[in-house]
Amino acid sequence: MNLVDWVTDLMHTAGAPGAALAIALENLFPPLPSEVFLPLAGFTAAQGKMSLFDAILWTTFGSVAGALLLYWIGALLGRDRVRRIASRMPLVRVSDVDRTEAWFLRNGYKAVFFGRMIPVFRSLISIPAGIERMRLAPFVAYTTAGSLLWNTALILAGYLLGDNWHLVEQYVGLASKVVLVLALVAVVLFVVTRLSRRRAAAPAREQQHSDQLS
């Protein structure tokens, strides 16, 4: 049984709560595709297996539940442990963590809201929110609002497209691939830049070491 068949059976058997479970799992494991689960929930609603309202309500509940679990994982991890991990990682500096933290403190609420509508990052954004111990009530509010918009759009698309619900996955899946490619490019640029700076600074360090010895 493939993933789509499993989710289809889950929604047919458990109805809207089954859709909530699928979306909660998608939040915890980003490779699971919401661009498949949500339009499929809309198509299932169009077949009368659940109401459209229930599909939106329960999937949003599943999104928030999954996000809260990741939030608490981030909170348990904590900023001090993240700083210690960063200090042991090659090419990463504690100052990088400090800059990221400063950015998140300035833009955290917007990041949580808009991040819920960006493939892949829609799940991961909950972890830094937990690390920074973002106030729980606003976190839940912004997560709910962003998830509600994302879920409603994809569920409605699946509901209206009917048997062609899989077209949503093709277009949103393309957007997911673009996001992943951009993230990969950003990582490569970071590594190349950091290595270049390290090589450029090496002669100065060697000269300083020679001066100390003499």
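How many helices and how many strands does the chain have?

1. **Overall make-up.** The chain has 10 helices and zero strands. Helices here are DSSP runs of H or I with at least four residues, strands are E runs of at least two, and both are numbered from the N terminus. This is a predicted model, in which local features need pLDDT of at least 70 and side-chain atom pairs count only at pLDDT 80 or more, while totals for chains, interfaces and linings use all residues. Residues are numbered from 1 along each chain as its sequence is written, and side-chain values use heavy atoms, leaving out hydrogens and water.

2. **Burial and contacts.** Of the 214 residues in the chain, 39% are buried. Buried means under 20% relative accessible area, exposed means over 50%, and partly exposed lies in between (1.4 Å probe, protein chains only). Take the contacts between residues at least 6 apart in sequence: 76% of them join residues at least 24 apart. A contact is heavy atoms within 4.5 Å.

3. **α2 against α3.** Helix α2 covers residues 16-28 and helix α3 residues 34-46. Their axes come within 10 Å and cross at roughly 165 degrees. Axes are lines fitted to C-alpha atoms, for helices over the stretch in contact, with angles from 0 to 180 degrees between N-to-C directions. α2 and α3 are therefore roughly antiparallel; the cut-off for that word is over 145 degrees, against under 35 for roughly parallel, 65 to 115 for roughly perpendicular and oblique for the rest. The crossing is left-handed, meaning that the near helix is turned anticlockwise from the far one by less than a right angle; clockwise would be right-handed. Ala19, Ala22, Ile23 and Glu26 of α2 meet Ser34, Phe37, Leu38 and Ala41 of α3.

4. **α2 against α4.** These axes come within 7 Å and cross at roughly 35 degrees. The crossing is right-handed. On the α2 side, the residues in contact include Ala16, Pro17, Ala20 and Ala24. On the α4 side they include Trp58, Phe61, Gly62 and Gly66.

5. The whole structure holds five aromatic pairs. Rings of Phe, Tyr and Trp (its six-membered ring) pair if their centres lie within 6.5 Å; planes under 30 degrees apart are stacked, over 60 edge-to-face, the rest tilted. Trp58 and Phe61 have ring centres 5.9 Å apart and planes at 75 degrees, so this pair is edge-to-face. Both sit in helix α4 (residues 52-77), three residues apart, which puts about one helical turn between them. Trp58 is partly exposed at 32% relative accessibility, and Phe61 is exposed at 53%.

6. **A pair between helices.** Tyr109 and Tyr142 are stacked, 5.3 Å centre to centre with 15 degrees between the planes. Tyr109 belongs to helix α6 (residues 94-115) and Tyr142 to helix α9 (residues 136-161), so the pair ties together parts 33 residues apart in sequence. Tyr109 is partly exposed at 31%. Tyr142 is partly exposed at 35%.

7. **α9 and its end.** α9 has 26 residues and reaches 37 Å from first C-alpha to last, close to the 38 Å expected. The expected span is 1.5 Å times one less than the number of residues. Its buried residues include Phe139, Trp150, Leu154 and Ile155. Phe139 also joins Tyr71 and Trp72 in a cluster linked by ring pairs. Just after α9, Gly162 takes a positive phi of about 65 degrees.
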